[in-house]
Amino acid sequence: MRRPRIRRNSEASGSNRKLLGWLVLLSLLFGVVEFGKPLDLALRNLRDKARAQSVSGKIVVVGIDDKALSNVGPWQWNRRELASLTDRLFKQGADRVFFDLYFQRMEAKGDRQFIEVLDRHRGRVFVASGLDNSSTPGTSRPILPMPEIDSRAETVSVMRWIHYWNGATTVSYRRQFGDRVVRAMEAAIAGVDGETGEEFPIDYSYRISSVPYVSAADVLTDSVRPGALKGKSVIVGVNSALLEDVFLAPGQGRVAGVFIIAVGAETLMKQRPIVLGWLPPWLFAVGVTAWFVLGRRRKLAMGVGALGIATLLGAPLALEYKSIFVDVAPALFLAIVTMIIVGWQRFGAAQQSQGAINPVSGLKTVNALLREGLSDPNILVAVRLRRYADIVSTLPPDSERDLLGQVVSRLAMGAGQAQLLHGDDGNFFWLMPEAELASVVDRFKALQLIFRNPIRVTDKSFDVDVFFGVDREVHMPLSHRLASALAAAHAVAEEGGCWKIHDPSSTGAREWALSLLGELDQAIDAGDIWVAYQPKMELATGAIVGAEALVRWTHTTRGPIDPAEFVEMAERHGRIDRLTAFVLNEAARAAAAAIAYHPSFAISVNISPQLLATREVVDMVRRALRKHRLPASALVLEITETAAMLEGQTALKLLEELRAMGVELSIDDYGTGMSTLAYLRRIPANELKVDKRFAASLLSSPEDQAVMRSTVELAHTLGMKVVAEGVETAETLQMLRTMGCEIGQGYHIGRPMEWLSFMEILEPSSKRAADG
């Protein structure tokens, strides 16, 4: 028979590549023409607020403000006032003085006085230079200090690009005015240099309100706090709305330009900024979007896409703490637009096809069958592959197609000419006439034999078990029949058979079991599930020294439910943790009360093998002990020997951790498993609980007497005490006592009972033990 072809959607793949290419080109253009600048500015503003910090305090702004203008007179001041200001700044301890003012020629006498001051403080005064754009439209001329001042003070640039929103975000390290190159004032203050035209960003995370400020009026009248200027770099500039040198600081409002210079200098003083621009984040976004668009695992691709966007939003914040600045608008544009377009396409395609074709196997899905009709006159076969999900999880992403190809090839031998349908989690279906059922049964068995030959994928061999379920209720809707056939396949898998026909009469029992599962939590909260306590007697003294906590369910309509029924159901459906936690808490509460009558009282609780697979059981026990203030030694956890062996090293490590806490461990139902002496030595138990069948036949079976006697000796050799279950007669109790068995449990000693009834037994028992 021809093997069904595994389809590759090359057309869709080519379309995705083309879409990715166009989006990459569009985002590249987005970055080149700087369309994303407003977005980057807004994002940086948010990051600045997240990183808000105070300045170093090494720079002080001296402002020619309204107070100074009122005291000295309107601007421009005579140079003699600036000469006096400079002298007084140095007298009060300033290290260097930077004037955010232009010093072109003015009144001669005042100019001479200022030059004399410069001669007294050579190398410590810096004056501003810039460009005048107001003379002739389209032209600009340099604004440089008069030669006499230029030769005595370093000329620095206060030029910066002002954006349309009347603010600056970057500063050039150096500026060229004609044939003259000068440092930026910020660079001169910080002592950091760069190339002509090279820019650095202004870090507006520095709060401008934290910049130390002094009015020029206070300097001229010697009213400055002593030491306020000592060793500081001082920037002198105008700080009055009347003088119009006001700019917008992102996130901080309108401020005088002199404060922008101070923040720029603080930026350089921390660390020379590294400006990566928009290209590295954009390349990262290209990689992320390529994975998202071309990746075959869509859930993983969605996760990668979301993680990529989160990285583009969060990484710049972390980088800016290290003075590394990036622009992410082009990258975000690419990532977000791609996710929206591709996500919408996939959503639309999913809505349109409703999953009619499995993208890996190329087979029709059960959704396609449901769309074709509500019923079908043929019988329905369901195929269940056990461990399919586990096998797929170990394969590389591209290898599932090879695995499915081999699976489909083998199943096609049994389906004959019927159309195979692909379900979820390794389930397949086909329809066939009922007349073929007798012949197809032999094919079921043959397929099971064929699947016993391992499937080889990427140099690995996998055993795949296959089971078949059949639904013959042709009058029922297909949606119902799919579930019925699959339920039959699941049932025969648990039984270890080959195939099974769905039995409608079993529906009631299954519905009842599922109903019980749904009521489990509610029954715990309502008190319908409760704990019974079966006494445990110290055989040497006859005192009740403990009890085993046994879960019970008194259903409101059905009455008492067999514990084996609902406990097994809870284990099978992953609800045993809630049930065990309830029993643990009830048992710990009861034991804490019993210790008042018998200080050595211990309560025993059974632990499901499933709980030995994770450390949740350790946390569960610790919470119960802490909540009820119960000593760990008063709690005995009973585990079956088989469970401890099957769960392997994980279980042993958890048991060792529980013993380290002080909790007692008991090997339950000993004698029904497969333990060896070597394995018993590995289990950190201090109690051996012998299965009740040995005590039941102890009086009549010399063989069981010998087994019991040797078991007691073995336990004592390993440092364990022995508990015998199934003590039904006084004679059995006496024989166990002579054999050296420490503790007995059974109907002769006491049946499982409610806590109040147990306490009535415990109190006189404690008194008898005390009297004895």
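Contact here means heavy atoms within 4.5 Å. Axes are lines fitted to C-alpha atoms, for helices over the stretch in contact, and angles run from 0 to 180 degrees between N-to-C directions.

**Ground rules.** I worked on a predicted model, where local features need pLDDT of at least 70, side-chain atom pairs count only at pLDDT 80 or more, and totals for chains, interfaces and linings use all residues. Residues are numbered from 1 along each chain as its sequence is written, and side-chain values use heavy atoms, with hydrogens and water left out.

**Sheet.** I took helices (H or I, at least four residues) and strands (E, at least two) as DSSP runs, numbered from the N terminus. Two strands pair if DSSP finds at least two bridges between them. I found an open sheet of 6 strands, ordered S16-S18-S19-S17-S22-S23, with mixed pairing. S16 (364–365) and S23 (499–501) are its edge strands, each pairing on one side only.

**Strand S17.** I looked at residues 379–386 next: 7 of the 8 are buried (under 20% relative accessible area, with exposed over 50% and partly exposed in between; 1.4 Å probe, protein chains only). S17 pairs antiparallel with S19 (residues 427–432) over 6 bridges. There, Val381 has Trp430 as its bridge partner. S17 also pairs antiparallel with S22 (residues 465–471), over 7 bridges. On that side I noted Leu380 opposite Asp471 and Arg384 bridged to Phe467.

**Helices on the sheet.** H16 (residues 437–450) lies across S17, S19, S22 and S23, at about 165° to S22. H17 (residues 478–495) also lies across S17, S19, S22 and S23, at about 135° to S22.
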